[in-house]
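Subject: Structure handover

Hello,

Here is the structure for your review. My notes follow below it.

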Amino acid sequence: MPLLEVENLRVHLPVRQPHLFRSSTAYLRAVDGISFRLDAGETLGIVGESGCGKSTLCRAIMQLTGISSGKVLWSGENLPDLSQQEMDRKRSELQMVFQDPTASLNPRMTIGSAIGEPLTVFRPDMDQGSRLQAVQEMMQAVGLPPELANRYPHQFSGGQCQRVAIARAMILKPKLVVCDEPVSALDVSTQAQIVNLLKKLQKNSGAAFIFVSHDLPAVRYMCTRIMVMYLGKVVEIATRDELFENPRHPYTRALLSAVRHSRQAGREEARIVLAGEVPSPMDPPSGCAFHTRCPHASQWCRKEAPLLDEISVGHQVACHYWNDLAAEEPAVRTASPV
Ligand code: SF4
């Protein structure tokens with residue numbers, strides 16, 4: 001049984017639309033029918049442009065936002081069916097690291113207290129001495145000297161605050177850690193340090209990780225499997241090596257070509273530049289949601305949404321033409337709007 005199984009998950013957020021004499025409600029399809037599974041100890045990367053639903057998906061898995069339909073099965077148990085009390089008990093197994101470390105820490109709490117707080121809540125059996133020792137060990141594990149435990153978050157840099165937030169998430173030895181863009185608010189050199197730290201902690205703890213990022217090289221370094229999202233849907237999911245070496249969806253190819261292009265500075269290599277903006281999730285295009293930006297779109301694409309097909313073991317793609325595009329060399333064409 002997988003550790004986490006997400007089945008046809010939908011999060012449609014109501015948005016009030018004021019009119020002159022009355023208002024109406026439209027629905028923003030932040031997550032629109034997503035299914036995937038995650039095994040214990042696995043690291044799944046989630047990539048896609050801003051607004052594609054990555055963060056909402058993370059919050060829905062963690063039950064920090066309501067879902068419209070679908071299932072979030074945690075060791076076979078559907079989390080949305082649990083009472084608040086039952087869910088609170090589960091929280092020691094599922095932890096989250098947020099994008100903004102300073103916003104996720106209480107400015108009036110010393111970092112030692114912040115890291116030890118989950119133990120106070122979930123491990124009332126521990127005495128104060130054992131708690132203090134666990135906090136000091138956790139601080140060392142994330143690269144913070146234990147003698148800084150009595151300082152406050154404002155006395156730390158952004159990178160150090162993120163280390164505190166990671167220590168707080170890891171101290172209960174969770175089975176799943178969801179990292180929602182944990183490095184995007186940090187400067188470039190600190191980003192690499194935090195990604196290295198997360199990778200080391202994942203390896204040492206054996207916990208499953210979900211790692212959301214715009215930084216494809218970081219995702220490649222960190223993750224064993226990668227899921228590509230577009231407009232609330234999964235368009236491709238595969239193992240890391242398969243996705244980078246054999247991308248089949250035109251959107252994945254465009255994302256990867258940007259990375260390859262930047263790494264090939266000084267060499268002639270065409271980059272796939274996607275035309276136009278991501279359409280509004282309140283009014284997604286008909287058929288394949290990517291058809292308004294896809295250089296291969298046909299009448300079929302405009303009418304019928306492709307299913308997520310398993311094209312080889314563990315490699316799923318949602319594109320009518322994945323097979324025809326397979327022979328094409330990726331990263332050699334420039335897209336134009338249809
Ligand atoms: Fe492009 Fe059509 Fe494939 Fe969608 S189904 S990605 S529009 S070729």
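The chain has eleven helices and twelve strands. Both are DSSP runs numbered from the N terminus: helices are H or I with at least four residues, strands are E with at least two.

Some ground rules. This is a predicted model, in which local features need pLDDT of at least 70, side-chain atom pairs count only at pLDDT 80 or more, and totals for chains, interfaces and linings use all residues. Residues are numbered from 1 along each chain as its sequence is written, and side-chain values use heavy atoms, with hydrogens and water left out.

Overall shape
The C-alpha trace spans about 70 × 55 × 45 Å along its principal axes. Of the 338 residues, 48% are buried. Buried means under 20% relative accessible area, exposed over 50%, and partly exposed in between (1.4 Å probe, protein chains only). Among contacts with a separation of 6 or more, 65% join residues 24 or more positions apart. A contact means heavy atoms within 4.5 Å.

Ligand
Which residues come nearest to the ligand? They are Cys 288, Cys 294, Cys 301, Cys 319 and His 320, out of 13 residues around it. Being near takes a heavy atom within 4 Å. The shell has nine nonpolar, four polar and no charged residues. Here Ala, Val, Leu, Ile, Met, Phe, Trp, Tyr, Cys and Pro count as nonpolar, Asp, Glu, Lys and Arg as charged, and the others, Gly among them, as polar. The ligand sits in the largest cavity. A cavity is a set of points on a 1 Å grid over the protein atoms alone where a 1.4 Å probe fits but cannot get out.

Helix 1 is largely enclosed by the rest of the structure, because six of its eight residues are buried. These are Lys 54, Thr 56, Leu 57, Cys 58, Ala 60 and Ile 61. Gln 63 follows helix 1, with a positive phi near 60°. Gln 63 lies in the loop between helix 1 (54-61) and strand 4 (69-74). Gln 63 is buried, at 19% relative accessible area.

Lys 173 also has a positive phi, about 55°, although it is not a glycine. Lys 173 is in the loop between helix 5 (158-170) and strand 7 (176-180). Its relative accessibility is 72%, so Lys 173 counts as exposed.

Best wishes

Definitions and conventions: 1 Å grid on protein atoms, 1.4 Å probe; cavity = no way out; pocket = protein on both sides within 12 Å on 5 of 7 lines; lining within 4 Å. Sits in = over half its atoms within 2 Å of the grid points.
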